[in-house]
Amino acid sequence: MEEGADGARLRVLTAVVPVWLNRAAHERAHEACHASALLWNRTVSWVREEWAAGRSPGREDIRRYVTSLPGEVRPLHAHTAQAVAYDLADAIALARTNKAQGIRGVKFPWREKSYRPLVFTANFGWKVKDHARLVLSLGKSRERIVLAVPEFTDRFGLLVTPDRWGEMKLCWNSASRAWALHISYRSIDDSLPSVVRPAAGERCGGAARTVTIAVDEGIINPMTLTTVAPDGGYTALVLNGRSARAVKQARNKGMAQLQSKMARCRVGSRRHRKLAEARKKLTAKTDHRLRDFNHQVTAKANRFIREQVAAHEQAAPEDVQVVVRLVVGDVRGIERNTEKRRRASRSTRQQLSQWERAVQERQLAYKTGLPIQHISEANSSQTCPYCLGRRKVRGRTYVCMNKDCALVLHRDAVGGVNIHTLAVNDGTFVPVSPGTEIRVKYLRAQPGWSLSQRERHGFHQRAQARAGVERRREARSSARNRAISTDPGVSTDVAAALQAESIVTHEGGTATSPGTGRACAHTAQRATDGRNPGVSVGEVRTSKLTP
């Protein structure tokens, strides 16, 4: 953590900003990314040769090797080449740490890369000129990458100026075929005070109140957050994630259809290339929607945590500091070896493998600034929090089999309360007091339709059902276009439904009401030409949008 000029604690955040490059800059960036990947491959080979010879090169040894290479081998800025060396050293250190922790299947860097992002360290390799152009250097006497200065704001809505920028990466998304700059910048630290790191200006000693936030993760409901309110009752927030399941299901079906068509094409043919491009577009669209979904989930979870902490700070005495502990049910590794173990059906194994649990955990820790602690959640959704009775649950509602208890509660809320109990009692189930209230709130991860949108959509669906499937194009078009249609095949039910209509007059012939589209103008033109006796010259009939 850094400190600003006024003593405020600062934090380094990262912003992903889409950028546009012209053709020349685009080609130079692509060539540089390929060169960066080749430099990585050459360095990995050298490190493995050193290991085979019995030597163990360190971080600075790898850097000296990279910087000693001739300019033809590393056509990059010096600090960009050093970033390659440091990234490789960090990857080796991480692999050693994972091996020391007993994690199975850990491998040291070995895979050859064909593409790698360009890294420009803080104050080196990039420069802002005339407050309008961002210049990225690829080394001395080489053409530079010039683009417009990206503009973005921080969490407080303030514009992040270039004097706050640090390291940046120029990344290429192969699915959406677009460039993006990952810019790190300094911002005021708004992290919540945790048990291991108190708030700025607070001493570690003295009285403290610990607020434990328990998170129960799932596929249907990605996060269920539970904590104890200042009044002693439990407060649970269930975030619904069915929209993400629909996005993934559409992606899986679309991918299956495209793969089936591509299997019947010759590789490299025109149809094969078109199908491959369609697959990339589907992947990019799904990634964008899932990224938005994950941010919506973690933003609502972050808001809930901060509201609960604010309530405890308001209720606590002035000399008591409120610290937060974030505990998540440990389901890590549940998606591994699902096909070998055969513990679930095929569809369930697919859902587990596509579960973005780790992404949501990482984003929640990033937004709250809290370290995540994992705790075993075994039998947490099967145990009654009041009587500790245990039963298998089918569906989303937990019903206790104990007649004296007879608890009826959302199963994810039950799991959240039990994870909270396990977290505050060192992993032991302890019954909740009988008079304790459990309040559950449900939220969609993404906002739904408004009441007016629902009404208009319902009217459109009813009109479409009355039109019938034999109406060809009119059955698939909008309700307004069907309203002005005067084909003789219109049924009596549709004619009765269109009795209430509005007339938009216009002197001179063709008239179009706002939003009526091409069909309305085409009908008016037919009336002008005398080919549509059902509509007189100078008026266009459109159905009402409200039921």
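Q: What makes R396 and D412 a salt bridge?
A: The closest N and O atoms of R396 and D412 are 2.8 Å apart. A salt bridge needs a side-chain nitrogen of Lys or Arg within 4 Å of a carboxyl oxygen of Asp or Glu, so this pair qualifies. A word on the ground rules: this is a predicted model, in which local features need pLDDT of at least 70 and side-chain atom pairs count only at pLDDT 80 or more, while totals for chains, interfaces and linings use all residues. Residues are numbered from 1 along each chain as its sequence is written, and side-chain values use heavy atoms, leaving out hydrogens and water.

Q: Why is R396 called partly exposed, and why does D412 count as buried?
A: Buried means under 20% relative accessible area, exposed means over 50%, and partly exposed lies in between (1.4 Å probe, protein chains only). R396 has 27%, so it is partly exposed; D412 has 9%, so it is buried. Elsewhere, salt bridges with shared partners join R155, D190 and R306 into one network.

Q: Why is the W46 and Y65 pair, one of the six aromatic pairs found, called stacked?
A: The ring centres of W46 and Y65 are 4.4 Å apart and the planes lie at 5°. Rings of Phe, Tyr and Trp (its six-membered ring) pair if their centres lie within 6.5 Å; planes under 30 degrees apart are stacked, over 60 edge-to-face and the rest tilted. Both values meet the rule, so the pair is stacked. W46 is in helix α1 (residues 23–52) and Y65 in helix α2 (residues 59–68), so the pair ties together parts 19 residues apart in sequence. W46 is buried at 17%, and Y65 is buried at 16%.

Q: What makes R266, R270, R273 and K274 a patch of positive charge?
A: Lys and Arg count as positive and Asp and Glu as negative, with His and the chain ends not counted. Patches use residues with over 30% relative accessible area and no salt bridge, joining like charges within 9 Å and nonpolar side chains (Val, Leu, Ile, Met, Phe, Trp, Tyr) within 5 Å. R266, R270, R273 and K274 gather this way on the surface. R270, in helix α5 (residues 270–315), is exposed because its relative accessibility is 62%.

Q: Which residues make the nonpolar surface patch of about 300 Å², and why is F156 called partly exposed?
A: F156, L158 and I188 make that patch; accessible areas come from the Shrake-Rupley method with a 1.4 Å probe, and for residues only the protein chains shown count as cover. F156 has 44%, so it is partly exposed. F156 lies in the loop between β6 (145–148) and β7 (165–173).

Note on methods:
Charge placed at Lys NZ, Arg CZ, Asp CG, Glu CD. Helix = DSSP H or I, 4+ residues; strand = E, 2+ residues; numbered from the N terminus.
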